[in-house]
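Me: I am new to reading protein structures. Can you take me through one, feature by feature?

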Amino acid sequence: MAQTVQAQTQTDPDVPDRQVRQVHHPFQAIGLTKAGRRGRAAALLDLSFDARAGQVTALLGPEGSGRTTALRLALGLEHGQGTALFHGRPYRRLSRPEREVGVVLGEADQPAGHPGRRARAHLRMMAAAAGVAARRADQLLEQTRLGPAAEHRLRTYSPGMNRRLQLAQALLGDPSTLLLDEPTEGLSPKNVEWFHAFLRAFAAGGGAVLVTLRSPQQAAQLADRVVTLELGRLLADQPVEEFSRTRLRDEVSVRGPQVARLADLLSAAGATVRHEGGNVISVEGLARTEIGELAFRHGILLHELADRVVEHAPTPGPRPPEPSGASLAKATVALGPGETVTTQVIVPTPPTPGTHVLPARRAARVLHPLFFGEDLDEDD
Amino acid sequence: MHALTYERRRLIGVRSSWLVPLVVLGASAAVAVLTLGQGAVAGAPAADPLRVLTAGLPLLPLPIAALGAGVLGALSAGHEFRHPAPLVLLRPLRRRLALLLAKLVTVGAFAVLLGVGTLVVDAVVLHLGRHAAAVRLETAALHGHVPTALGGYLALVVAGGWIGLLGAVLLRSAAAGMLVLITVPVLIEPVASALLGSAAVSGGGKQGALHWHRLFPVDGTHAWLYGALSGLHSGTAVSDAGLAVAVAAPVLVLLLAYLVLLPRRSAL
């Protein structure tokens with residue numbers, strides 16, 4: 001806060017117009033940093049991004065990449081460096097935080113409150129804590145489709161219901177910004193779908209949504225903007241179209257007894273074929289129907305033919321304006337000796353997909369030297 | 001933030017706030033009946049009607065109602081640590097202060113109700129058991145001569161509730177709050193006697209002095225029974241004001257300690 005105040009006082013008094021017109025995003029993270037414990041690498045290093053009104057912003061990364069830490073830092077629940085602004089003010093300076101920011105933290109398999117309390121009583125209690133009428137709690141119970149279970153005790157709630165109750169709790173103050181930490185983790189597909197629809201509708205109504213996610217596929221479905229984290233460093237901040245173009249690929253997985261022959265035919269047809277081991281291949285560059293027809297024409301038996309979306313290794317992509325170059329440079333420096341594997345992950349190699357791939361892929365790579373070994377044995 | 005409404009709804013919504021009063025009322029009625037019976041067996045007018053009314057049990061450091069209020073206060077604070085749903089809401093300091101105040105008010109009111117409830121239940125027991133003593137007390141009460149001990153009893157119950165609450169909020173756990181509740185009365189006696197002993201030597205005035213066992217009526221003749229568990233068997237003479245200080249001091253000390261810590265914490 002001190003920094004922003006200084007910045008404001010330092011700005012030229014001649015151009016107050018610019019100051020007034022300056023757009024404050026609903027959420028703006030500036031250099032969020034959390035030092036690692038006992039000399040370990042930083043849990044979060046210089047993370048800057050913003051979430052805009054009317055958009056769903058996804059903070060994407062694998063477990064331990066610092067997404068939750070980023071949220072907790074932004075809310076002042078943890079100590080660290082950097083600041084996060086909500087409409088230009090840090091969270092602790094908001095006079096009525098629940099009216100501006102709704103927060104869903106915590107686990108889906110934990111009850112939202114005391115397990116012996118009934119949902120309606122719990123939400124009414126939280127309504128009092130947020131300073132709104134009890135009527136609003138009942139309204140939100142209906143809105144999150146918990147109306148029929150409103151009189152049940154919280155310990156009987158499923159993960160999906162817990163999550164929806166937590167969402168209702170966050171919405172009590174009618175906030176314009178929502179911060180959610182892995183809202184769809186561990187939920188059934190139906191609940192995930194409901195959550196996506198709700199968050200999209202919330203954003204469509206002019207709200208800003210910041211959501212942390214683990215799965216790139218979900219990020220592509222849900223978000224308008226995807227911020228990718230890896231080991232606490234910002235990797236990319238892209239619109240979703242660019243994200244799905246650079247980070248996701250459509251593949252067709254083919255299984256059958258004669259895939260080796262099919263693979264040759266597909267390569268001849270111009271597709272990229274990758275052996276997944278056994279009698280499974282992954283084909284990129286040809287649609288499912290085309291592969292099926294090709295197989296049929298050559299009389300090749302197929303057991304499985306399925307579309308799937310696979311994560312690319314993160315390509316460099318365009319960086320967000322100011323801090324990115326610095327952060328990435330720091331990232332490579334900060335990873336000292338002994339962490340060569342992670343260093344390879346961080347340093348992106350543009351033409352070929354890097355090491356950050358699905359396990360099946362990595363297995364295929366590992367096989368390579370083994371084949372060499374066999375060759376040598378034969379020579380002997 | 002409507003802290004009082006929040007606290008009221010929180011209190012009503014959990015089962016413990018119904019169970020604790022039930023147990024306290026039942027236990028104090030049982031103790032009152034036993035005290036009456038003991039007096040009858042001894043064949044002496046041993047059972048002080050006040051002792052029956054407050055259901056004083058020599059083994060406990062505090063009256064049963066005060067323990068119940070303390071347990072409730074400790075649970076009230078522990079709830080915010082076990083189920084920290086409004087953690088994000090409680091970021092501003094003034095809200096945490098408001099919540100603490102609301103908790104103090106709610107627990108205090110609950111403790112008064114609990115104290116009055118036990119008195120009423122025990123009065124009924126006394127009325128049924130020993131009509132003569134009861135009638136004497138009742139007529140006195142009707143003429144506005146309520147024994148001071150009953151006021152002290154209520155004060156002790158409220159103080160118990162607050163000690164439990166503040167202990168739990170200070171140490172961030174309901175169990176710790178209950179431990180503080182049991183420990184504080186034991187600690188008070190030596191401290192008070194040390195302080196008052198020196199004061200008595202210098203002042204010398206013992207006018208209107210009260211004995212612990214007269215205000216908190218437990219059996220004064222069997223001090224060995226309370227052992228180290230109780231701070232209430234002391235023969236130290238204290239004035240009314242001194243006694244009020246003795247009851248209020250631990251509450252104030254805990255409150256001050258907590259208020260020092262509160263701005264440094266991120267949660268309650």
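Reply: Start with a caution. This is a predicted model. Now ask away.

Me: How many helices and strands are there in chain A?

Reply: Chain A has 15 helices and 14 strands.

Me: What share of the residues in chain A is buried?

Reply: Buried here means under 20% relative accessible area. By that cut-off, 47% of the 380 residues in chain A are buried. Look at contacts too. Take those in chain A between residues at least 6 apart in sequence: 69% of them join residues at least 24 apart.

Me: Which residues have the most contacts inside the largest nonpolar core?

Reply: First the general idea. In soluble globular proteins, nonpolar side chains tend to be buried together. Here the largest nonpolar core has 108 residues, and A:L167, A:L172 and A:L180 have the most contacts inside it. Helix α7 of chain B, residues 148-171, gives the most to this core: 13 residues. A second, separate core has 26 residues, including A:A70, A:L77, A:F86 and A:V227.

Me: Which residues does A:L172 touch?

Reply: Leave out residues up to four places away in sequence. Then A:L172 touches A:L123, A:M126, A:A127, A:A130, A:V132, A:R136, A:A137 and A:L140.

Me: Which strands does β3(A) pair with, and in what sense?

Reply: Follow the bridges. β3(A) pairs with strand β8 of chain A, residues 208-213, in the parallel sense over 5 bridges. There, A:L60 has A:L213 as its bridge partner. β3(A) also pairs in the parallel sense with strand β9 of chain A, residues 225-230, over 4 bridges. In β9(A), the partner of A:L59 is A:V227. You have met A:V227 already: the second core includes this residue.

Me: What lines the largest pocket?

Reply: Begin with volume, then the lining. The largest pocket has a volume of about 1,100 Å³. Its lining has 48 residues, and A:V104, A:L105, A:G106, A:E107 and A:Q166 lie nearest the centre. By type, the lining divides into 21 nonpolar, 15 polar and 12 charged residues.

Me: Which element supplies the largest share of that lining?

Reply: α7(A) does, with 5 residues. In chain A, α3, β6, α5 and α7 each supply at least two.

Notes:
Residues are numbered from 1 along each chain as its sequence is written. Chains are lettered from A and ligands numbered from 1 in the order in which they are written. This is a predicted model: local features need pLDDT of at least 70, side-chain atom pairs count only at pLDDT 80 or more; totals for chains, interfaces and linings use all residues. Side-chain values use heavy atoms; hydrogens and water are left out. A nonpolar core is a set of buried Ala, Val, Leu, Ile, Met, Phe, Trp, Tyr and Cys residues joined through side-chain atoms within 4.5 Å. Buried means under 20% relative accessible area, exposed over 50%, partly exposed in between (1.4 Å probe, protein chains only). Contact means heavy atoms within 4.5 Å. On a 1 Å grid over the protein atoms alone, a cavity is a set of points where a 1.4 Å probe fits but cannot get out, and a pocket is an open set with protein on both sides within 12 Å along at least five of seven lines; lining residues have an atom within 4 Å of a point. Grid points are joined across faces, edges and corners, and a volume is the space filled by probe spheres set on the points. Ala, Val, Leu, Ile, Met, Phe, Trp, Tyr, Cys and Pro count as nonpolar, Asp, Glu, Lys and Arg as charged, and the others, Gly among them, as polar. Two strands pair if DSSP finds at least two bridges between them.
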